[in-house]
Amino acid sequence: DFPPFRMLNRLVLLFAILAFATSGIVKRDASPAKRVVGVKGTLLCGKEPAKDVTIKLFRVPHPPKEKKEDLAQVLAEGTTGPSGMFHVEGNTNGFALNETTIDGTLSIYHACDEDPAKAAKNGYRRVNINIPEEYVTLGAKAKKPFDIGTLNLQVIFSGEKTIKLATPDEKKN
């Protein structure tokens with residue numbers, strides 16, 4: 001054997017081993033920063049299902065003294081069904097690269113034991129639930145939603161506030 005060929009074979013083998021060994025280190029995911037979270041549960045008002053209750057999933061918690069909600073941080077929103085059940089899921093797709101983390105908060109807006117017309121005019125009771133970080137995962141679809149179980153909205157929760165929901169026109173701005 002000619003010595004330069006042995007050296008060349010060894011170099012090729014070394015580069016192949018290095019390429020194989022490091023292939024697992026470098027992620028080739030097109031959106032490695034995309035994160036997702038999901039929440040599900042059932043809401044009651046006393047013994048009755050709390051239907052048509054507005055649910056919003058926020059990327060970050062509300063500042064303690066905020067006057068208005070930061071609607072730009074909403075990952076998803078929906079309402080409870082006739083049985084009081086809901087399932088919301090949202091991801092950071094469409095957020096700026098510096099806003100791809102999720103420190104999720106579920107906000108529930110309701111008028112349990114109150115006149116719905118009065119609540120629409122003066123504001124709904126808002127309950128916030130922080131979502132444990134183990135339910136935030138990479139990807140576009142939640143692997144396991146955080147199950148809050150069954151909540152009775154007659155309870156007055158710590159930190160509960162009365163807040164007016166944004167009208168469709170206010171959501172556009």
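The model is a predicted one.

**Confidence**

I checked pLDDT before going further. The protein chain averages 82, and 76% of the residues score at least 70. Residues 23–32 stay under 50, and the model has 1 contact beyond four places in sequence for them. Where pLDDT is low, the predicted coordinates should not be read in detail. I leave that stretch alone.

**Fold**

I counted 3 helices and 10 strands in the protein chain. From the N terminus the order reads α-β-β-β-β-β-β-α-β-β-β-β-α. I then looked at contacts between residues at least 6 apart in sequence: 73% of them join residues at least 24 apart. Of the 173 residues, 34% are buried. The chain exposes about 11,500 Å², with 58% of that supplied by carbon and sulfur atoms.

**Core**

Which residues touch the most other members of the largest nonpolar core? My list is Val 39, Leu 43, Leu 106, Ile 108 and Ile 148, out of 25 residues in that core. The elements giving two or more residues to the core are strands E1 (35–45), E3 (54–58), E4 (74–79), E5 (85–91), E6 (105–110), E7 (124–130) and E9 (146–152). In soluble globular proteins, nonpolar side chains tend to be buried together.

I read the His 87 entry next. His 87 lies in strand E5. Beyond four places in sequence, His 87 is in contact with Val 39, Lys 40 and Pro 145. His 87 and Ile 55 are 32 residues apart in sequence, with 9.1 Å from C-alpha to C-alpha.

Back to Val 37. Is it buried or exposed? Val 37 counts as buried because its relative accessibility is 0%, and the cut-off is under 20%. Its contacts beyond four places in sequence include Leu 57, Leu 75, Val 88, Ile 102, Tyr 135 and Ala 142. Glu 133 is 96 residues from Val 37 in sequence, and their C-alpha atoms are 9.1 Å apart.

**Rings**

I searched the whole structure for aromatic pairs and got 1. Tyr 135 and Phe 146 form that pair, tilted, with 5.0 Å centre to centre and 45° between the planes. The pair links distant parts of the chain, 11 residues apart: Tyr 135 is in the loop between E7 and strand E8 (137–138), and Phe 146 is in strand E9. Tyr 135 is buried at 17% relative accessible area. Phe 146 is buried too, at 15%.

Lys 56 lies over the face of Tyr 109, 5.3 Å from the ring centre.

**Backbone**

Most residues other than glycine have a negative phi. I logged two aspartates with positive values. Asp 52 has phi near 60°, and Asp 113 has about 65°.

Where do they sit? Asp 52 is in the loop between strand E2 (48–49) and E3. Asp 113 is in the loop between E6 and helix H2 (116–122). Asp 52 counts as exposed at 58% relative accessibility. Asp 113 is exposed as well, with a relative accessible area of 56%.

Key: Residues are numbered from 1 along each chain as its sequence is written. This is a predicted model: local features need pLDDT of at least 70, side-chain atom pairs count only at pLDDT 80 or more; totals for chains, interfaces and linings use all residues. Side-chain values use heavy atoms; hydrogens and water are left out. A nonpolar core is a set of buried Ala, Val, Leu, Ile, Met, Phe, Trp, Tyr and Cys residues joined through side-chain atoms within 4.5 Å. Buried means under 20% relative accessible area, exposed over 50%, partly exposed in between (1.4 Å probe, protein chains only). Helices (H or I, at least four residues) and strands (E, at least two) are DSSP runs, numbered from the N terminus. Contact means heavy atoms within 4.5 Å. Accessible areas come from the Shrake-Rupley method with a 1.4 Å probe; for residues, only the protein chains shown count as cover. Rings of Phe, Tyr and Trp (its six-membered ring) pair if their centres lie within 6.5 Å; planes under 30 degrees apart count as stacked, over 60 as edge-to-face and the rest as tilted. A charge sits over a ring if NZ of Lys or CZ of Arg is within 6 Å of the ring centre and within 35 degrees of the ring normal. pLDDT is the predictor's confidence in each residue, from 0 to 100.
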